Amino acid sequence: MLSRVQFGDTAAFHILWPLMSIGFAFYMLAMESAWLYTKKEHYYRQLRFWTKIFVLTFAMGTASGIPLQFEFGTNWARFSAASGDFFGNILGFESTVAFALEAAFLAVLVFGWRRVPRAAHLFANAMVFVGATLSAFWIMAANSWMQIPTGIVMEGGKVVVTDYAAAILNPGTIVSFLHMWVACVETTLFMMTGICAWVLLRNTAAFDVRQFFLDAFKYSLALLFVLAPFQIVLGDISGQIIAKYQPAKLAAAELHWDTNTEGGAPWQIVAWPKEGGGGNSLSLAIPNGLSLLVARTPDGTVAGLNDFAPEDRPSVANDIFVFYSFRVMVAIGFWLFFLMALGAWYWRRGRLVVEGIAQRRTFLKLWIFSIPLGFIATEAGWMVREIGRQPWVIYHLMRTSEGVSPNLNAAVVATTTVIFTTLYIVFGVLFIYFTYRIIVKGPDLTSPVP
Amino acid sequence: MTITDPTLATIWFGIICFEVALYVLLDGADLGIGMLTLFPQKEEGRSLMMKTVGPIWDANETWLVIAAGTLFGAFPLAYAIILNALYIPVMIILFGLILRAIAFEFHEYSQHKHLWSAVFGWGSLLAVVGQGCAAGGLLSGILVENGQFAGDPFDWITPITIFIAVGIVFSYVVVGYAYLIKKTDYQLHKESFMRVLQAGAATFVAFLAATIFLPEKHYVFFERWTVEPTRSMLFAIAALIAVVGMLLALRTYHRVHPQGLHALSLAVFVLGFLGLVIGVYPYLAPPSLTIFDAAASPTTLRFMLWGIGPLIPIICAYNWYIYRVFKRDLSGEHSEGYRA
């Protein structure tokens, strides 16, 4: 249990940073390409300014990611020994194919100005982006396989791979990867737009600087125009896959207890299970909603939690947690979509100009308020994914309790968990502080362009 | 039981050794420089040291991640047992690396530079001590029963561990100094050469003690020194280490070819590491776990060999390119590209 706390704790913190690394890398690559293509200087300024924050997120990502890789061995020794044939292999690919590429070319991206030609710099930028993206791909492949373990057989308690293609590209991999990748970029872009809105609302910076942040706001908005609706579609497809391969997780996320035999299953807006489970004591629902979502017909059958043995599905406390995490994620997804649409409408009406934007206070405040929402949605999504999987570490093949390391001293694990948490809180606060300083200082708009 | 193909396992053992060696050679200098920042000096000196490792430490640390990733893939059982047993040293390494990485970036943006260079130095020291404890714990032996770690989380604390930890700390200091002498105007400072000699002597004594005590602890090591063919190999390596070590000491003392000290210190490292590999092969965790016990299935090893094998030269190639980009002397140069 302690190992679960430690892993959950360190993983939840870690995911914040590569999320931003991927998002910023995407934006930076877009800016550098635009700069080299159009030769317009303001794209170059965008690139240089956001790189500063990217570097911080990358350092945090590396620092918090390496412990995760080692925790598989230190805390989950039996899981690692059993699943190493596939799982270790995939992490090996992640570090060699993706992380090495990203870390090496980062040096050129950050320090390489004037040392390498422009084209080589663009190449380095692209490699950092590709590395970050591939990293997400391999991690999602490994995680999806834990959810839907295809392409393997269990022999004497150990995983033996029979079909690599089936194991890596299992039914969940591509959609989970895309869902996560878009979440990364979308969350980062909403953070950026929120930051820009804050600078514009504050209205103390020079005209050029406000123009710079308004430009960043518009570029991000343009990218979000594509991504925000796409994310909702991806979320729906993810739901379909869970319904097919992990019906117990879906039932938990919906607090859906009894399989509907006649009539459609309702979609619960608010619900609370009875003590000990088995049904809901409180429920406010849209009739036939769940059937429509899952089966695409008003009275399609959706398996309920009572169909699964209690020891094979998440506990009642976990059900509640998964249920509300799921609602938080979905609500934020739609809210961000609405906000993007509002921004697009303002843009179309010609309201996004430096003169007068500071007077649109409510509009700007909505964006500032939305800075943390993408992060909350991503964390909530992971909660649904990981807690909804319980009590299994490899779905229906290995229980979480069977994966933990033997002979671990509880006091030792507790101590290191406390140290990790303390360090992470301190660094998280410092990150916000340094980012704040970078933003207040503003972009350098005068240094010579290389 | 799965059948393990001995050749494949040996190839993967070689690849992992190569990765670990590269990590030690490259990041050893960064960590050594990190520890050197702890000596009393002006803040500009520390900033120069940090600037020297700035563009490369991240890529160097990657080799640790790669080595861990491939160990997990190729020898999952060893990954599980070793990290399980060395929980505490591994956590020490991780805390050290976290502190170093964060301090590095915050140093750049902060107004309280001395605070962050101190965190950088202590983080580096912590990471190195952790590595020493892990290596020592591994060589001291891990209790394995039924394919699981069966000992206590504090088993790694042995006299051998202490010798090895001390040796690793001082050896990294030597490489760190040699790297600074090569890259910056440290070659003008007389005392840096004296410190290289002192740290080198400490390294020698510590590792010699560990080498003498190891055969006492496990018969495996005793056999390596007494039975052919490893006997002549080990004695040949010991002789080479003596020759190269003497050359290093003499050149340091007389301060000839200061640029070449770095290469010489790396040569000693490579020889020492080679000796270690000959000493432990085919064990991953002597004296209980061999590479053949711990290997993944032959299908996986083959798949990884075709998937990851060709990448390693590619990774080396682009890392080499990046080293060349940043080859120019950094000491006189203003930090264009970082702040602007």
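Here is a friendly conversation about reading a few features of this structure.

Colleague: Before we look, what kind of model is this, and how are its parts numbered?

Modeller: This is a predicted model, where local features need pLDDT of at least 70, side-chain atom pairs count only at pLDDT 80 or more, and totals for chains, interfaces and linings use all residues. Residues are numbered from 1 along each chain as its sequence is written, while chains are lettered from A and ligands numbered from 1 in the order in which they are written.

Colleague: How many helices and strands are there in chain B?

Modeller: Helices (H or I, at least four residues) and strands (E, at least two) are DSSP runs, numbered from the N terminus. Chain B has 14 helices and 4 strands. Its C-alpha trace spans about 60 × 40 × 35 Å along the principal axes.

Colleague: What does the radius of gyration say about chain B?

Modeller: The radius of gyration is taken over C-alpha atoms, and the globule rule is 2.2 Å times the number of residues to the power 0.38. For 340 residues a compact globule would come out near 20 Å, and chain B agrees, with 20 Å.

Colleague: Which elements of chain B touch chain A?

Modeller: Two residues are in contact if their C-beta atoms, placed from the backbone, lie within 7 Å. Here the contact takes 60 residues from chain B and 61 residues from chain A. On the chain B side, the elements giving two or more residues include helix 3 (57-74), helix 4 (76-85) and helix 5 (87-109). Helix 5 of chain B gives the most, with 14 residues.

Colleague: Is Val393(A) buried or exposed?

Modeller: A residue is buried if 20 or more other C-beta atoms lie within 10 Å of its own, exposed if 12 or fewer, and partly exposed in between, with C-beta atoms placed from the backbone. Val393(A) counts as buried because it has 22 C-beta neighbours inside 10 Å. You will find Val393(A) in strand 5 (residues 392-394) of chain A. Leaving aside neighbours within four places in sequence, its contacts include Phe79(A), Met146(A) and Thr400(A).

Colleague: And how many residues of helix 9 of chain A are buried?

Modeller: Helix 9 (residues 247-254) of chain A is mostly covered, with 8 of its 8 residues buried. Those buried residues pack against several elements of chain A, among them helix 8 (207-245), strand 3 (267-273) and helix 11 (316-348). Just after helix 9 of chain A, look for Leu255(A), which takes a positive phi of about 45°.
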